[in-house]
Amino acid sequence: LLYLINNKGVYKKSTEPEVLNPAEASTVKVSFDKAPDKIRELSENKEIFCKETNGGAEFDIEIPPGDIRIIKIRNVAGEGIE
């Protein structure tokens, strides 16, 4: 499991509700030496597909401000996502 947390873009004063700044979303690039068998983002239950690179694989994922993404990765040995 890979947990990605974006703690940017959340502003709160003690007497007011929090305010999110959508411009502070983060894009994360995840790279592998070998492409995994399967990758799934768990909170939205979406499969993620890697792009092959020179000698490996990678994918990009956007994390909204104040949010998290949990990525489950099945490695080449077949462990992980079912």
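# A guided tour from glutamate 58

Select glutamate 58 first: leaving aside its neighbours within four places in sequence, this residue is in contact (heavy atoms within 4.5 Å) with Lys29, Val30, Ser31, Cys50, Lys51 and Thr53. The structure on the screen is a predicted model, in which local features need pLDDT of at least 70 and side-chain atom pairs count only at pLDDT 80 or more, while totals for chains, interfaces and linings use all residues. Residues are numbered from 1 along each chain as its sequence is written, and side-chain values use heavy atoms, with hydrogens and water left out.

**Stop 1**

Strands (E, at least two residues) and helices (H or I, at least four residues) are DSSP runs, numbered from the N terminus.

**Stop 2**

Now display the strands on either side of E8. An open sheet of 3 strands has the order E4-E8-E7, with antiparallel pairing. Strand E4 (26–32) and strand E7 (51–53) are at the edges with a single partner strand each, so one side of each has no neighbour in the sheet. On average, neighbouring strands of this sheet are turned by 35° against each other, direction ignored. Such angles run from 0 to 180 degrees between N-to-C directions, and the axes are lines fitted to C-alpha atoms, for helices over the stretch in contact.

Two strands pair if DSSP finds at least two bridges between them; E4 and E8, which run antiparallel, are joined by 7 bridges. To see one example, select phenylalanine 32, whose bridge partner in E8 is alanine 57.

**Stop 2: the charged side chains**

Return to glutamate 58 and show its side chain together with that of lysine 29. Side chains of opposite charge can pair when their charged atoms come close. Here the two side chains meet in a salt bridge between glutamate 58 and lysine 29 (3.4 Å, N to O), where a salt bridge is a side-chain nitrogen of Lys or Arg within 4 Å of a carboxyl oxygen of Asp or Glu. Because glutamate 58 lies in strand E8 and lysine 29 in strand E4, the pair ties together parts that are 29 residues apart in sequence. Lysine 29 is partly exposed, with a relative accessible area of 48%.

Next, select lysine 51 and aspartate 60, whose side chains also meet in a salt bridge (3.8 Å, N to O). Lysine 51 is partly exposed at 44% relative accessible area, and aspartate 60 is partly exposed at 38%. Which residues does the network of salt bridges link? Lys29, Lys51, Glu58 and Asp60 are linked in it.

Move on to arginine 69 and aspartate 67, where another salt bridge joins the side chains (3.3 Å, N to O). Arginine 69 is buried, with a relative accessible area of 9%, whereas aspartate 67 is partly exposed at 29%. In the whole structure, a search finds 6 salt bridges.

**Stop 3**

Not counting residues up to four places away in sequence, isoleucine 71 touches Leu1, Leu2, Leu4, Ile39, Arg40, Glu41, Ile48, Phe59 and Ile61.

**Stop 4: the sheet E1-E9-E5-E6**

Display the other strands named here: 4 strands form an open sheet in the order E1-E9-E5-E6, with antiparallel pairing. E1 and strand E6 (46–48) stand at the edges, each with a single partner strand, so one side of each is left without a neighbour in the sheet. From one strand to the next, the twist averages 30°. Strand E5 (residues 38–41) pairs with E6 in the antiparallel sense over 3 bridges; in E6, isoleucine 48 is the bridge partner of isoleucine 39.

**Stop 5: leucine 1**

Finish at leucine 1, in the segment before strand E1 (2–5). Leucine 1 is exposed, with a relative accessible area of 63%. Leucine 1 and lysine 72 are 71 residues apart in sequence, and their C-alpha atoms are 4.6 Å apart in space.

How values were computed: Buried means under 20% relative accessible area, exposed over 50%, partly exposed in between (1.4 Å probe, protein chains only).
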